[in-house]
Amino acid sequence: MEETVDILDAVPAFDAPEKGRLTDAMVAAYHEAGVLVLRDFVPVEACRKLQQRAHELVAEFDPADVRSVFSTTKQTQLDDSYFIDSGDKIRFFLEDGAFDEQGQLRQSKEHCLNKMGHAMHDLDPVFDAFSRTPDLAEAARRIGFADPAILQSMYIFKPPHIGGEVVCHQDSTYIYTEPESCIGFWFALEDATLENGCMHFIPGGHRFPLRKRNYRNAEGKLVTETLDDTPWPEERKVAAEAAAGTLVIFDGRMPHLSAANRSSKSRHAYTLHVIDRQCRYPENNWLQRSDTLPLRGFG
Ligand code: FE2
């Protein structure tokens, strides 16, 4: 029952341990809160290198290719297939406010992007190197993964002025396995602050039931199944400001959100969603990969 969930007042935060060797206290804090902040997990130079590579990939992207897809904020069949087919590709997703009334981009191409996804970690050497380090493998092992598989990667741009709000949700809604096994590894590539739309969590909220199962593929159309419509206790949300290089690990059931970015600074972040390979992966999950791109862990 929801009333028995013990909401905490803080997001546990630590300086990153040597070689990803989370201490018993860190692991306990993670299980208690459902979220764990590790400062300076990644060198800032590695963040810059990933940003530079993202910049190069963006340079090769032509927004005209997807303009029609995003001509409306309403979900369409075309939206769905562009999204559904991105599980084993590198695709670009624009912010809702990217185009002005004349159909022109409001600001530079990079500053109109919402995200890039969802297989950079398997298709691009620079993203692969960032995503698979001994430190990360060790952290995942200590969190409890026996047989991790990096299912998807997302590069989040959260651009200045038009970076969209992300409403409160659980990632297991989108990354569903039986039993649930999704854990998010979120890296701040730039300082994430209250001003530019940092993440917020409801610590302890990972004990809430799964509210929805989103993006279930029903014959090519994405549908959402509501399992529990209890409102989130958003008054208990806690901001997790994070300097570049910070890693935030959070449970797939952890409710989280971020405000719109109305500031003049971008808020680049990189996320890996990791599942346990031993869990069942439903065939009607939106994200399906071709057999030629096998799932890999951190090794
Ligand atoms: Fe999320």
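Colleague: Why is Glu-178 called partly exposed?

Modeller: In this predicted model, Glu-178 has a relative accessible area of 33%.

Colleague: What makes the contact between Arg-280 and Glu-178 a salt bridge?

Modeller: The N to O distance between their side chains is 2.8 Å. A side-chain nitrogen of Arg within 4 Å of a carboxyl oxygen of Glu meets the criterion, so the pair qualifies. The pair links distant parts of the chain: Arg-280 lies in the segment after S14, Glu-178 in the loop between S6 and strand S7 (183–188), and they are 102 residues apart.

Colleague: How do you know whether Arg-280 is buried, exposed or partly exposed?

Modeller: Its relative accessible area is 47%. Exposed requires over 50% and buried requires under 20%, so Arg-280 is partly exposed.

Colleague: Why are Arg-289 and Asp-122 said to meet in a salt bridge?

Modeller: Their side chains meet at 2.6 Å, N to O, and the limit is 4 Å; therefore the name applies. Arg-289 is in the segment after strand S14 (269–276) and Asp-122 is in helix H4 (residues 120–123), 167 residues apart. Both residues belong to a network of salt bridges that also links Asp-128, Arg-132 and Arg-296.

Colleague: What makes Arg-289 and Asp-122 buried?

Modeller: Arg-289 has 16% relative accessibility, and Asp-122 has a relative accessible area of 16%. Buried means under 20%, so each residue counts as buried.

Colleague: How are the two residues of the salt bridge between Lys-89 and Asp-88 classified, buried or exposed or partly exposed?

Modeller: The bridge spans 3.2 Å, N to O. Lys-89, at 34%, is partly exposed, whereas Asp-88, at 15%, counts as buried because the cut-off is under 20%. In the whole structure, a search finds 16 salt bridges.

Colleague: Why are the atoms around the iron ion called donors?

Modeller: The iron ion is coordinated by His-169 (NE2), Asp-171 (OD) and His-256 (NE2), at 2.1 to 2.2 Å. Donors are N, O and S atoms within 2.8 Å of this metal, so these atoms qualify. The spacing of the donor residues in sequence is H-x1-D-x84-H. His-169 in strand S6 (residues 166–169) and His-256 in strand S13 (residues 256–258) are 87 residues apart.

Colleague: What makes His-169 and His-256 buried?

Modeller: His-169 has 14% relative accessibility and His-256 has a relative accessible area of 4%. Each value is under 20%, so both histidines count as buried.

Conventions:
Residues numbered from 1 in each chain as written. Predicted model: local features only at pLDDT ≥ 70, side-chain atom pairs only at ≥ 80, totals over all residues. Heavy atoms only, no water. Donors = N, O, S within 2.8 Å, 3.2 Å for Na, K, Ca; no water. Helix = DSSP H or I, 4+ residues; strand = E, 2+ residues; numbered from the N terminus. Buried < 20%, exposed > 50% of the residue type's maximum accessible area, 1.4 Å probe, protein only.
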